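Please brief me on this model, covering the contact between its chains, the strands and the annotated spans.

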Amino acid sequence: MGSLARAYGRPLALTLTAILVLWILALILVPLGAMVQQSLWWKDSAGDVSLTIDRLYNDIATLQLDAGNTTDAGKKAALDAEIATKQGEATALEAKELNPGKQWGLDNFTRMSSLHLYIFVRTILYALMVTALALIVCYPVAYVVALASGPRKAIILTVALIVPYAINELLRVYAWLMILDYRGVINGVLGWFGVVDLDNRGWIPFLENPSAVFLAMIYTYVLFMVFPIVNTLETLDRNQIEAARDLGASTARIHRRVIIPHAKPGIAVGCIMTFMLSAGSYSVPAIMTRGQGGDWFSQLVYRQFFESNNWNMGSAYAVSLLVVCTAFILLMMRFFGVGLRDIAK
Amino acid sequence: MAWTAGIHPVGTTNIVAYGSSMRGKDVRLDKVSIRFGDSTAVQPTDLTIHAGEFFSILGPSGCGKTTILRTISGFIEPTDGRVLIGGEDMVGKGPNERPTALIFQNLALFPLMSVAENVAFGLEARGIGKAQRLKRAQELLELVALDQYGDKKPADLSGGQRQRVAIARALAVEPSVLLLDEPLSALDLKLRQHMRTELRAIQKRVGITFIYITHDQGEALAMSDRVAVMSRGRLEQVADADTLYAEPATPFVATFVGEQNVLRGRITTLADDVASVESPIGLVTGRAKGALKVGDEALVMVRPERISLGASNANTIPARLVSRNLEGPSVNLLCAAAGQNFTVTVPNGPAVRDLPEELNLSFGLADALVYPMGALAHG
């Protein structure tokens, strides 16, 4: 702050600091804090209480009937007293039902069913596979774009890459749905050639296979993989490639020893982004599987929030996903020997 | 550590006799021409570079010298003609299949590999085992006096040390021809001068053919057995350094290599290779170079150090001294005569201490070269 004020003057330094604080609050602390806070408490299920209240009202109704029928003043007074007591109990329980007590702890995290845990693990594996496939697809593309001879060619290639991304993500996913559907483009073409029999529902069920989701996801997130790699490859001195070739290296060796080591930070950033996006993607698996293929974990989180109406559990699921993904990324960075400093470059 | 600490005295005998296994090959360009689209980078060129020779190609930037180098190394296929190395036609052979190694202008060391790995890379590419190739790399690093630096990264080395790593890396693949693309241009003057001697010594030691590209005439003249001067995609002259300097074949070579005083005029008489030229400063007589005939416009070239003070030679010009610039061992005198500027370089000494404003400049018949009109190196 002191040095900022000296460099830019007090008003500008204050503004910069305020923006920074706001940034940290709005983008990191508040959303994450709210989610973590939500995930750490729960309210007891009110089911038992409601049942007890129902019973009390039944009893009260019976007692009121008895009280109306009796002529004995003493007996009536006793019944009225009993009604008043039960009414009091019911009122107390109703208050509890309306406002059950908050309980704090890690129960939301530990209560995950084995099925949900299985989906959780499977989602991580799927996201990994998407990342690996995206890398395989994107590395050659990035290489061609980055080392395209002449700025004109590079511009054309870049525009060709970006144009599909001017279209809304949902539209792109639905487009793939239409391509892979039972009576979609591919099955239609196959049917036309007589490979599959559409009339007798003999189509190939692409959408029931997880790879349909992979395909749409790679298509959706391909840019997040391509651009970081392009950026690092563009800084590669082409003479190094020529030098390696001149020294007799095969193309595979040039990639393995010269180009990929140079592109490593870009590959790391691309993998992190693709992994995070695909592990947390809701729309792609929701649209592509339509319940036919297996759920992804993000769909479970959605359901906890909007179908079970259990925001606490939903938050816990979301936080678990975040923690595991983050840990996983740190692990991969350590494994590939890429530091934060390389990534920030 | 001072920059000199890493540099070993040239010609010391503690160097391993690494060159014994290497043998230079001759390089022949047979009517090679290179076009990119509709621009011609290299005009049809015939050139023979002898085995074991230190050969330089000298020319201003854009003259096509790097294109020739890249054609020899295999990065560019000639549009017409053939490249032969050791008598073998190189057509269709990529850079990795030729007995050449290229040292890039920016060296192109692999920054993420250690110095030893850099040097061993060519052997790694040939499938030689790790222990053996690192041992070999160590020998080569000894050759260039960097045996203590194998574990360092190229970025930790000084400019001159990086230079020598690049040389060791290229020599590791035992090339018959080493191609150098202005590798000294990034170094400071003192180091550059040192590396000239160094390069020459390494070439003598390993005995292979060196083809050296430069725009710096000092480098080319100091190191080379022979020099080719190029201009606009054409070889102007191929000769040893002394011939190039004393007997330039064209006005371009005459003005590109060393300094010249240039006079324009018209030939009045021509006999037995002696031409008289009517110029603004009067009649000048010199040796005819190239195809000349009486009445032609001509260029007369006189080197500044070939002009002396006094009126003792065939050509004498009365001139006015404009300025006197001390260079150290010599003095440059800037003179003017009839609107024409002359530079005169004379040895420093008491005789040139206090010069009168009016001088006589003179030069012999053999000191003036008369050329047909043609392109000059500097406008």
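The points below go from the basis of the model to the chain contact, the strands and the record annotations.

This is a predicted model, in which local features need pLDDT of at least 70, side-chain atom pairs count only at pLDDT 80 or more, and totals for chains, interfaces and linings use all residues. Residues are numbered from 1 along each chain as its sequence is written, while chains are lettered from A and ligands numbered from 1 in the order in which they are written. Helices (H or I, at least four residues) and strands (E, at least two) are DSSP runs, numbered from the N terminus.

**Contact between chains A and B**

- Chain A places 15 residues in contact with 16 residues of chain B; contact means that C-beta atoms, placed from the backbone, lie within 7 Å.
- On the side of chain A that touches chain B, helix H11 (238–246) and helix H12 (251–279) of chain A each supply at least two residues.
- H11(A) gives the most to that side, with seven residues.
- By class, the side of chain A that touches chain B holds six nonpolar, four polar and five charged residues. Nonpolar covers Ala, Val, Leu, Ile, Met, Phe, Trp, Tyr, Cys and Pro, charged covers Asp, Glu, Lys and Arg, and the others, Gly among them, are polar.

- E6(B) runs parallel to strand E7 (residues 177–181) of chain B, and four bridges join them.
- Ala101(B) has Leu178(B) as its bridge partner in E7(B).

**Five-stranded sheet of chain B**

- An open sheet of five strands has the order E15-E19-E16-E17-E18 (chain B), with antiparallel pairing; two strands pair if DSSP finds at least two bridges between them.
- Strand E15 (308–309) and strand E18 (340–347) of chain B are the edge strands, each pairing on one side only.
- Six bridges join the antiparallel strands E16 (residues 315–326) and E17 (residues 330–337) of chain B.
- Arg320(B) stands opposite Ala336(B) in E17(B).

**UniProt annotations on chain A**

- An unreviewed UniProt entry gives "transmembrane region" for spans of chain A including residues 212–230 and 266–288; such annotations may be inferred rather than shown by experiment.
- Residues 212–230 of chain A are 100% helix and 0% strand, with end C-alpha atoms 27 Å apart.
- Residues 266–288 of chain A are 87% helix and 0% strand, with end C-alpha atoms 29 Å apart.

Terms used
Contact = placed C-beta atoms within 7 Å.
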